[in-house]
Structure formats: C-alpha cells, structure tokens
Number of protein chains: 2
Amino acid sequence: MPNPSEFEVIERFFTRASTDASVIVGIGDDAAIVAAEGRLALAVDMLVAGTHFPRELPARAVGHRALAVNLSDLAAVGAVPHWATLALSVPSAEEAWLSEFAAGFFTLADQHGVVLIGGDTTRGPLTVTVQLAGAAPELPLLRAGGRPGDRVFVSGTLGDAAAALELLERPASERGAEEAFLVQRFCYPEPRVALGRALVGTACAAIDVSDGLLADLGRLCAASGCGAEVDLAALPLSDALKARFARERGEQFALGGGDDYELCFAGAPGDVAKIQALAANALTRVTEIGVLTAEPGLYGRRGDRTVALAATGFDHFASS
Amino acid sequence: MPNPSEFEVIERFFTRASTDASVIVGIGDDAAIVAAEGRLALAVDMLVAGTHFPRELPARAVGHRALAVNLSDLAAVGAVPHWATLALSVPSAEEAWLSEFAAGFFTLADQHGVVLIGGDTTRGPLTVTVQLAGAAPELPLLRAGGRPGDRVFVSGTLGDAAAALELLERPASERGAEEAFLVQRFCYPEPRVALGRALVGTACAAIDVSDGLLADLGRLCAASGCGAEVDLAALPLSDALKARFARERGEQFALGGGDDYELCFAGAPGDVAKIQALAANALTRVTEIGVLTAEPGLYGRRGDRTVALAATGFDHFASS
C-alpha cells in the first residue's frame, strides 16, 4: 500500500488511543474539543522544506523539529504545552517517510505530555505546520519587561544548528563525532519547556532564540525599550563547535545563526543566584552573557573593546 | 517597498489593534495568550495552491477561503469561533497580494467576531494554514449520533463550487451572470456558523460538506453506524447551476464535488418543523434530502428506483 488515502494517512499514522482526560473529542471529527481552564497560550510555526530545513532531512527529524519549534515558543512564555494540531502537506504519501515523521513527532510529544488532537493532511509541497496550545501562567514571560541593568542569560549552547547546516551535505558516514553532535543539535533541538516554567515569576523578559541571538535579543530589547551589551567571550559554545570551528567563526554562528531554540531571558542582578538554582533544578545549563542597557542598540564587548552588532539574524523574506 | 521583510509583513498586513477583552497577549510575542473558559473547540485546515485552489485565484478569495473552511469546521460542531492563527507561506512578499489576502481574511473574521492572535509568515510555495479556536457547547454536534429513521438535511445549495472549478479558467469578463454566481460560491463560501450553533441540542449528528456530499455523509453514517438514502430530486441545486448544467450533471456536482462548506446533519422525524424554524431564525436555507437507514451504505432514490451511490468524494492522496 505505497499510496494510502488521506483518511488512511490520518488513521494509520496519526491517530493514537489517548487517555488524556482533557480531550473530549480528538482526531476524527470536524473539530477537536478539549476541556480548557484559565488562560491559554497558543503558538503556531510552519516549517517549509527548502526554506527551514534541507529537503533531504530525515523524516524523524522533521517530525521532531515541527513540534520542537512550537514547544520552544510556549517555553518562552512559561506555558505548559498540552494540545497540538498538525497540518501536513507532503508530495506523496510514502509509508516509510510518514512512519518516521510520526515517530519523531510523537516521541517528543510524549516527553512533554502533548496530545495530537487534530490535523489536516494533503498532497503538496513538503510543509509542516504545528499549532500548540497549553496552559498559560497568570503572569507569562513576555519580550517586554526587561530593564536596564538586568542580566541577560541564554540556555544551552548557541550556534550548533547554524554550523550543522554547513555539514549536512556530507554523508552521515563521513561525519566525525563532533560533526555528528552538531547535526544532531540541528535535527533534534531540545525545547526548554521546564526552564521556561521555572522562570515564571523570576525572569523579567524572555524570548526563544529561533532566528539567531542578535535578532531575537534585539526583539526582546525593542519590546523592553532598551539595548544590550553582550560579553562575546561568555557566549556558550559547545565543545564540538569549538573543536570544529575557530572561535571567531563559532561566535558568528552563535550571534547570527538560527535554529538554536534556546531561551534568552533577562533577570534582575539580585536574582542571578536564584536563576542559576532554578535552571539547575530544570536540568538546564544557563549562561549569563551580558546586560541590558538604557541606550538602544546591541553591542558586543571583547575585553576592553566594544563593537556595535547588527541585529540581522534570519529573515525569511530577505533577498538572498 | 516591493519586498517587505517577514517582520514587516506581520506588522503591516496582519497586526490590528484589537479591543477584544479575551486577548491578553496578541500578535508580537512568542505565543498568544487568551482567556478561555470551559470547553474549547479547535480546528485546523490547510489550503495548498494547485491542490485546493487554482494558483491564479484572487488573493482576496484565498484569504476568505482559508478562514471560511475552518469556520465551517467549527460550525459543524456548533462552536462559537473566536481566536485564529495563520501560517502563510508565499513565494514572494508582494504588497498587493498580501493586502488583498488580508482584506479577504479580516472581512470574514470581522463578520464572525474572530480575532487573529498569532501567525507565521515565510517564503515558500503558496500554502495557507489557519487554526481556529472557539467556545464549544457542552454537548457538541458530532458525526456520531445519527439513528436509523432520522431525516438528513443540508444547508444552502450543493455543487456550485465544483461546477465553478470548470469555469474558473475562463476570463472573468467572459462569464455570464450564472457563471459569475458559481465562481463567487467557490471563492467566497459562507460558513454556516449561526446554523451550527442553532442546531446544538436538536440535530443528532452533523458534518460539514467539504469533500462532497457522498464522502461527508458517508463519514457521518460510518460514525453513526448506519447508512442513508438520498432523494436525488430533493438535492438543493442553485438556479445558476440548473441554468448552466443539465440536471444530471448538477446532481453529480452536488453528490461528488467538494468545496461546498455547507452543513449536512440528521434530526429526528419529530423535529423537522423545529429544525426548519431554527434554520429560518439563522437566516439559512435547509433542505431535507433523505433519511438514515439501519443497513450501511449510501443509496439514491429517483422516483421508484433506488441506486447504490459510491462514497468517493475527494481524496487528496487518490491517484489522479
């Protein structure tokens, strides 16, 4: 059955028995119905083959990333993800591809207690749109709220995914351990959901780093009405990135590359120790990388020197 | 500025001041946050250029249809639509196209009190995915629930959109009044939200007719564990469809065509008058077209003759 029908695609690959008490009507009717309480956080992110990921990316990674980028959005506001819908357009209904895609999606969904409640599958160019809804905290983390003097933090390491894009073309068999690590970081980003929840009530402002640190920190600064100075030596680079690329190149990946799906957030100077404790409790590394400034603009500090940083990042409509 | 950036696209075309008290955080942060209460209905539908609509379809119609197909899904469960997200992939950020698209989307959104709370725009093949959330009734309309003997109804007229697809290739200037009407029905379907809400508590089962009456009535029957007999002479065909096509051809469009976005629903024989009164109150024409049967399968009745009808309808993965 190399070409299952639309109905069979949904039935075979995306319908699973759910015991989640919040789901009153799941996949299979015109709309899903869930029991929601209080404030709801909603995010939507679309992945287009050839724009957001190479067409030859393994299906399992596509499934993982499609959900991960939305989990990262909910993490950035400190919400608890719960219900996902999936709109999937594929050139053909290849069983092996769909099966791997579903495995990538559901493995991550299960880790975060997310249930797939609805979807739409069609034949067309490969695009994946996931919408994710969950419970929002009473005081969500927002891009606005940062104040001059606040310390700036990022989770995990930056630049790995951008570096991986340069390596993806090489056959997997020819990749060394460091290259394999970087490619893994691109294919299977770890959304910082536990960290986002932990930071509610402590961080002053937050954003997820999807288009590059400068672009996203720039958005946090714009929303907060301030600027930022980043200590370039403090940028957290993975051992693999440092081993494979020169420091300066690594910093470029960290500042301008995209697809990190780490959290960037601001906190009061007096809360630095508390933030580190919260992060440790969420099993997530966070690094203090700079400070918010009263004057707008993004600046980098390297020892005694200060350089202006252009907040370009990745723009899907920029002329290439 | 023929090529606005992603940020500008969202800012200029899709961000509007909202006074909707339920929206706590709208477009512009990592996730939207809304105040939800009780049960939530969620639907997602994706339109792919070349698959769901001709590439040359006017942008205003694309914007209208992308929201309409989701409104129709919520109508089918009797929900009250409220919050939409939009994932839009376009080959280039053409101002005229985006402006018209937004006009089509927001005109319909305003008619139904729907606010756009989030989105994602990117460069890629033309695809539009809208997710719509709203308040679900305590006892939603479902596909299951129909019983043998229940009368089968449809709203509006059927087959117009399918007929229009044969006419779209002709220049608008060469279309007569009837052809213009049919094309209008394809471009600007009217989701039956008021009717769906009115039917809650009275209709036993409901579905929206998006893939053709036979396909969707077949789904209602499958979920309800019964079959149906349709009085072919009772199928509601528009005057335009009847004027432009022979009766038999019109019936084929009505039975097998897609894109009607009407509601098909079942009601107890004793509720026929009540259903007609509810429909009149919702300013929507409904027509009784048949009856649910104990034995499975779809049959058509033409006078004394009964013919088996194949529940094929439209399948996006069927070999073409």
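Tyr261(B) counts as buried at 7% relative accessibility, where buried means under 20% relative accessible area, exposed over 50% and partly exposed in between, with a 1.4 Å probe and protein chains only. Tyr261(B) sits in the loop between α9 and β10 (262–267) of chain B. Its phi is near 55°, a positive value in a residue other than glycine.

This is a predicted model, in which local features need pLDDT of at least 70, side-chain atom pairs count only at pLDDT 80 or more, and totals for chains, interfaces and linings use all residues; side-chain values use heavy atoms, leaving out hydrogens and water. Residues are numbered from 1 along each chain as its sequence is written, while chains are lettered from A and ligands numbered from 1 in the order in which they are written.

**Tyr261 in chain A**

- Tyr261(A) has a positive phi of about 55°, although it is not a glycine.
- Tyr261(A) lies in the loop between α9 (247–256) and β10 (262–267) of chain A. Helices (H or I, at least four residues) and strands (E, at least two) are DSSP runs, numbered from the N terminus.
- Tyr261(A) counts as buried, at 8% relative accessibility.

**How the two chains are related**

- Two copies of a chain are related by a rotation about an axis and a shift along it.
- Here, a rotation of 180° with 0.0 Å of shift along its axis superposes chain B on chain A, with an RMSD of 0.0 Å.
- In chain B, the C-alpha nearest the axis belongs to Glu37(B), 2.8 Å from it.
- The copies meet through the same surface, because 98% of the interface residues of chain B are also interface residues in chain A.

**Helices α4 and α5 in chain A**

- Helix α4 (residues 160–167) and helix α5 (residues 177–187) of chain A pack at an angle of about 115°, with axes 8 Å apart. Axes are lines fitted to C-alpha atoms, for helices over the stretch in contact, and angles run from 0 to 180 degrees between N-to-C directions.
- That makes α4(A) roughly perpendicular to α5(A). Angles of 65 to 115 degrees count as roughly perpendicular, under 35 as roughly parallel, over 145 as roughly antiparallel and the rest as oblique.
- From α4(A), the contact includes Asp160(A), Ala161(A) and Leu167(A). From α5(A), it includes Glu179(A), Phe181(A) and Arg185(A). Contact means heavy atoms within 4.5 Å.
- The residues of this contact divide into 9 nonpolar, no polar and 3 charged. Ala, Val, Leu, Ile, Met, Phe, Trp, Tyr, Cys and Pro count as nonpolar, Asp, Glu, Lys and Arg as charged, and the others, Gly among them, as polar.

**Helix α4 in chain B**

- α4(B) is mostly covered, with 6 of its 8 residues buried.
- Among the buried residues are Asp160(B), Ala162(B) and Leu167(B).
- The buried residues of α4(B) pack against α5, α8 (239–244) and α9 (247–256) of chain B.

- Thr287(B) is in strand β11 (residues 286–293) of chain B. It is buried, with a relative accessible area of 15%.
- Not counting residues up to four places away in sequence, Thr287(B) touches Val152(B), Phe153(B), Val154(B), Ala234(B) and Pro236(B).
- Thr121(A) lies in strand β5 (residues 115–123) of chain A. At 3% relative accessibility, Thr121(A) counts as buried.
- Thr121(A) and Val90(A) are 31 residues apart in sequence and 7.8 Å apart in space, C-alpha to C-alpha.

Methods:
Copies are superposed by least squares on the C-alpha atoms of residues with pLDDT of at least 70 in both.
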